[in-house]
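The structure is shown first, and the account follows.

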Amino acid sequence: MTAYLSWPDPKFEPHEALAPDGTLLEDDEIDIGTLEQIYKTMLCARRFDERLLKLQRQGALGTFAPIKGQEAAQIGAAACLREDDWLVPSFRETGAALWRGADMADLLVTLAGWNAGNDLPEGARTLPDTVPVASQLPIAAGIAHAGRLRGEDAIVMACFGDGATSEGDFHEALNFAGVLEAPVVFLCQNNGWAISTPRARQTASQTLAQKAHAYGIPAAQVDGNDALAVMQVTQEAVALARDKGQPAMIEALTYRMEVHTTADDPTRYRDEGEVEEWQDRDPIERVRKLLVARSQLDDAMQEALEEEIRDRIDAAWKEAKDRISRLEETPGTAMFDHIFAEPTAPLRRQRKEFSDQEEAAND
Amino acid sequence: MTDASDGLTMVDAINRALHEAMAEDDTTAVMGQDVGVNGGVFRVTEGLIDDYGVARVIDTPLAESGIVGLAIGMAMNGARPIAEMQFSGFSYYALAQIENHAARIRWRTRGAHTVPLVIRMPYGAGVRALEHHSESREVFYGHMPGLKTVIPATPARAHALLHAAIRDPDPVIFMEPKAVYRQMREPIADDAEPAQIGTSRVVRRGKDLTLVSYGAMLHRALEAAETLAAEDIDIEVIDIETIAPLDAETIAKSVGQTGRLLIVNEAPPSYGAAGEIAMRVIEQEFYALRVPIRRVCGWDVHVPFFAREQTYLPSVDRIRGAARAMMAD
């Protein structure tokens, strides 16, 4: 016991809506149409992830971070955004990006090591991956604040993981958003592991959500493998941000079913039994069961959907390969592009030096 | 660990130096992300946690500034911390701690406190990695007063230089060329001596041209030198090893004999180590120069995604081209 010091007493009950067997926990009115769309995107994201892993193992793609197990957390959340809202990802949000209309061929070209895959439409509001952990979060607050300055009611969803909550930038971002009333939904996908560091060794806090309270920001924990629950919580956070400029944080409790990245070997540090346990809480399976129970899905439809997804992925990979062959023919001077609006004199000189050498080498 | 008679990779060599340092001095500690149970993402810290436990091998939360700040505090209070930045591209979060404190505490406290700290970090391109995993920003550190910056080029030198860095009374940034991590093996004697920080090393004797490099590019420089021997161009190659404090005497002495200086590194050229090396040689041996100094570096651009990273890096051809041009000048 302490006389003067008080211990934190977080009272978070993770919100749940859909049981692992696909039954609704409360007799809510649900938007079955949106759930059906979420289901299709989750399944597509899972199959795309599997294909990426296969292509990476074959040497066709570089290192990447699989999303397996986190489909509901990120797609359920992204589904609450309007088209003019911003999605500011970390590096494990392929599912959210697909919901937002990201082109699979673009993603493949990027993962094959070409900057050209990031050729986004001007002003694109789904940003490319951010690799340095948590560094995107203060930027999200800035994007949100500028939107308000310009009289927009668009909001920003900023994605990060459990590890990011240890970085200073996470704390600075929540604090700034709170003080500036910047409309940001901070979506933390707590997948249990930051490479080899388990959640319990990441912070002595009982929950990650409680960290938001320190900055005067409301927060929720939610079953991150429950697309419906994620959607319900996110809708509330999005409305608060849009209507009141109030930032909020969501801690979606989920699990990284795969490697951290393809350069990682989790058998060195985690028990495979843990992975198996989470298998029973698969985020896609429980929505499938609900849709089947509601007669929105049957075996024939499932098969047709799988085929459609396979065709889309095949077509995207074919397109990506064509683009990569064309990129291989382009001059190396492309590396001098997009450094500044106008190339500076030293860059123009270096570009010429480079292309003279390239020409001489080809002679 | 690999048997020393087989020769060690740079990963093995650094790992061995860490094991030896931990065994020699029980105030030595290693801290960083994934350095314990996982043995580091490159396995450089493999096995340390089993031998020395969680108090001395610290799997930290994910926070580079926190890791370096913690290590500075430990160094001030009698420990010998060896901090790991998982990639140099993530070390910028810790730049404030390094500039504001690691480099200044001896000076600020007039020697009452010191920071005998090593910060290890893999750096450089060539391993088909993601964005932020390929840069060569040694001048960030080389530019800071109160800091030493070391870059080994081979396994044996990594072993010897890390021992020197750990023994050094001041903070040392120890940048590991990850392209060399598993590229070559070298035997390391059981009684291998620590290296000396602040000295450059002549790795190939020659009389026509002095070729200076470090890190992964040293091997391209050496390849260029070996192949140009067939064209009767006799090149002296120097591995500078210590970015700061730079041993200009060794380089200047060589240029005094060859009259030609070519510098190769993979950092962007502007305001880089090549400029500093050239200036120091000009100060000491201007009149010995028979042709203008040249440099073959990266470019003033971000390292392209991996499909084109080799386009960015100095190639052996570019190095040879520059050397030939200097001989023809």
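## Interface and salt bridges

In this predicted model, the contact draws on 44 residues from chain A and 33 residues from chain B. Together, chain A and chain B bury about 3200 Å² between them, and 57% of that area lies on carbon and sulfur atoms.

Between the two chains the count is 1 salt bridge. The side chains of A:Arg268 and B:Glu46 form a salt bridge across the two chains, with N to O at 3.0 Å. Polar contacts across the interface of chain A and chain B involve 15 residue pairs, with both residues at pLDDT 80 or more. On chain A, helix H4 (104-111), helix H7 (199-202), helix H12 (299-329) and helix H13 (345-362) each contribute at least two residues to the side that touches chain B. H13(A) gives the most to that side, with 5 residues. Sorted by class, the side of chain A that touches chain B holds 19 nonpolar, 17 polar and 8 charged residues.

Over all chains, the whole structure contains 40 salt bridges.

| Salt bridge | N to O distance |
|---|---|
| A:Arg51 and A:Asp314 | 2.9 Å |
| A:Glu152 and A:Arg125 | 3.0 Å |
| B:Arg205 and B:Glu236 | 3.9 Å |

A:Arg51 and A:Asp314 pair through their side chains at 2.9 Å. This pair links distant parts of chain A: A:Arg51 belongs to helix H1 (residues 32-57) and A:Asp314 to helix H12, 263 residues apart. A:Asp314 is partly exposed, at 37% relative accessibility.

For A:Glu152 and A:Arg125, the closest N and O atoms are 3.0 Å apart. A:Glu152 lies in the loop between helix H5 (136-149) and strand E2 (156-161) of chain A, and A:Arg125 in the loop between H4 and H5, so the pair ties together parts that are 27 residues apart in sequence. A:Glu152 is partly exposed, with a relative accessible area of 24%, whereas A:Arg125 is buried, at 18%.

In chain B, the side chains of B:Arg205 and B:Glu236 meet at 3.9 Å. B:Arg205 sits in the loop between strand E7 (201-204) and strand E8 (209-213), while B:Glu236 is in strand E9 (residues 235-239), 31 residues apart. B:Arg205 is exposed, at 62% relative accessibility, and B:Glu236 is buried, at 4%.

Salt bridges with shared partners also join A:Asp103, A:Asp106, A:Glu319 and A:Arg323 into one network.

Methods
Residues are numbered from 1 along each chain as its sequence is written. Chains are lettered from A and ligands numbered from 1 in the order in which they are written. This is a predicted model: local features need pLDDT of at least 70, side-chain atom pairs count only at pLDDT 80 or more; totals for chains, interfaces and linings use all residues. Side-chain values use heavy atoms; hydrogens and water are left out. Contact means heavy atoms within 4.5 Å. Buried area is the accessible area (1.4 Å probe) that two parts lose on being put together, summed over both. A salt bridge is a side-chain nitrogen of Lys or Arg within 4 Å of a carboxyl oxygen of Asp or Glu. A polar contact is a pair of N or O atoms within 3.5 Å; within protein, one must be able to donate a hydrogen and the other to accept it, and residues adjacent in sequence count only if both atoms are side-chain atoms. Helices (H or I, at least four residues) and strands (E, at least two) are DSSP runs, numbered from the N terminus. Ala, Val, Leu, Ile, Met, Phe, Trp, Tyr, Cys and Pro count as nonpolar, Asp, Glu, Lys and Arg as charged, and the others, Gly among them, as polar. Buried means under 20% relative accessible area, exposed over 50%, partly exposed in between (1.4 Å probe, protein chains only).
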